[in-house]
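Visitor: Hi, could you walk me through a couple of helices here?
Guide: Happy to, let's have a look together.

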Amino acid sequence: MPHQPQPEPNPAQAAAAEHFYSGALHRIRCFMAVLAPLLVAAAWWRFGLRPAAGFAFGCAIACVNFHWLKRVIAGFVDRATGAATSQSGQGIVFRFLLRYVLMALGAYVILTVSPASLNGLLAGLFLPVAAIGCEAVYELYAALARGV
């Protein structure tokens with residue numbers, strides 16, 4: 001069977017797709033902002049106050065961690081491309097490692113104050129995964145329904 005050449009994409013469609021996919025990071029943050037209170041309320045209803053408080057703390061850590069990870073990656077990209085405003089390599093690495101120190105410190109505090117909240121904290125750290133899953137479903141919908 002002979003190979004059929006792929007048609008050239010329409011420049012307007014390519015620009016629309018680029019614009020749509022460039023908003024993924026913002027949509028993931030929005031999904032996190034919507035999912036966190038809904039899931040905290042569900043955890044409170046299902047498991048009680050302490051696990052829900054741990055879950056809320058885990059969601060807060062996950063949101064801060066997601067924001068800092070974005071900044072660290074932007075710093076690495078700036079440094080790699082030689083941007084004039086690039087941050088120092090030591091500062092980038094320090095912030096990268098500080099994320100894990102703060103997560104460990106939060107887990108330690110939760111464990112010493114309320115061991116029942118630890119499972120909620122660990123579950124809350126997966127908030128970005130749920131938001132990314134929502135984004136994947138939305139992108140699939142956009143690709144199938146709107147042809148983006």
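Visitor: Which residues of α3 are buried?
Guide: In this predicted model, the buried residues of α3 are Ala52, Gly54, Phe55, Gly58, Cys59, Ile61, Ala62, Asn65, Phe66, Val72 and Gly75.

Visitor: And how many residues does α3 have?
Guide: α3 has 33 residues. From first C-alpha to last, α3 reaches 48 Å, close to the 48 Å expected at 1.5 Å a residue.

Visitor: What follows α3?
Guide: Gly82 does, with a positive phi near 75°.

Visitor: OK, over to α2. Where is the kink in α2?
Guide: At Leu35, shortly before the proline Pro37, and the kink is about 25°. α2 covers residues 24-47 and reaches 32 Å, close to the 34 Å expected.

Visitor: Is Leu35 buried or exposed?
Guide: Leu35 is buried, and other buried residues of α2 include Ile28, Met32, Ala36 and Val40. What covers the buried residues of α2 includes α1, α3 and α6.

Visitor: So how do α2 and α3 sit, roughly parallel or roughly antiparallel?
Guide: Their axes come within 7 Å and cross at roughly 170°. Because of that angle, α2 is roughly antiparallel to α3.

Visitor: Which residues make that contact?
Guide: Among them are Met32, Trp44 and Phe47 of α2, and Phe55, Cys59 and Phe66 of α3. The contact residues divide into 18 nonpolar, no polar and two charged.

Visitor: Last one: what comes after α2?
Guide: Gly48, whose phi is positive, near 105°.

Technical notes: Residues are numbered from 1 along each chain as its sequence is written. This is a predicted model: local features need pLDDT of at least 70, side-chain atom pairs count only at pLDDT 80 or more; totals for chains, interfaces and linings use all residues. Side-chain values use heavy atoms; hydrogens and water are left out. Helices (H or I, at least four residues) and strands (E, at least two) are DSSP runs, numbered from the N terminus. The expected span of a helix is 1.5 Å times one less than its number of residues. The bend at a residue is the angle between axes fitted to the seven residues ending there and the seven starting there. Buried means under 20% relative accessible area, exposed over 50%, partly exposed in between (1.4 Å probe, protein chains only). Contact means heavy atoms within 4.5 Å. Axes are lines fitted to C-alpha atoms, for helices over the stretch in contact, and angles run from 0 to 180 degrees between N-to-C directions. Angles under 35 degrees count as roughly parallel, over 145 as roughly antiparallel, 65 to 115 as roughly perpendicular and the rest as oblique. Ala, Val, Leu, Ile, Met, Phe, Trp, Tyr, Cys and Pro count as nonpolar, Asp, Glu, Lys and Arg as charged, and the others, Gly among them, as polar.
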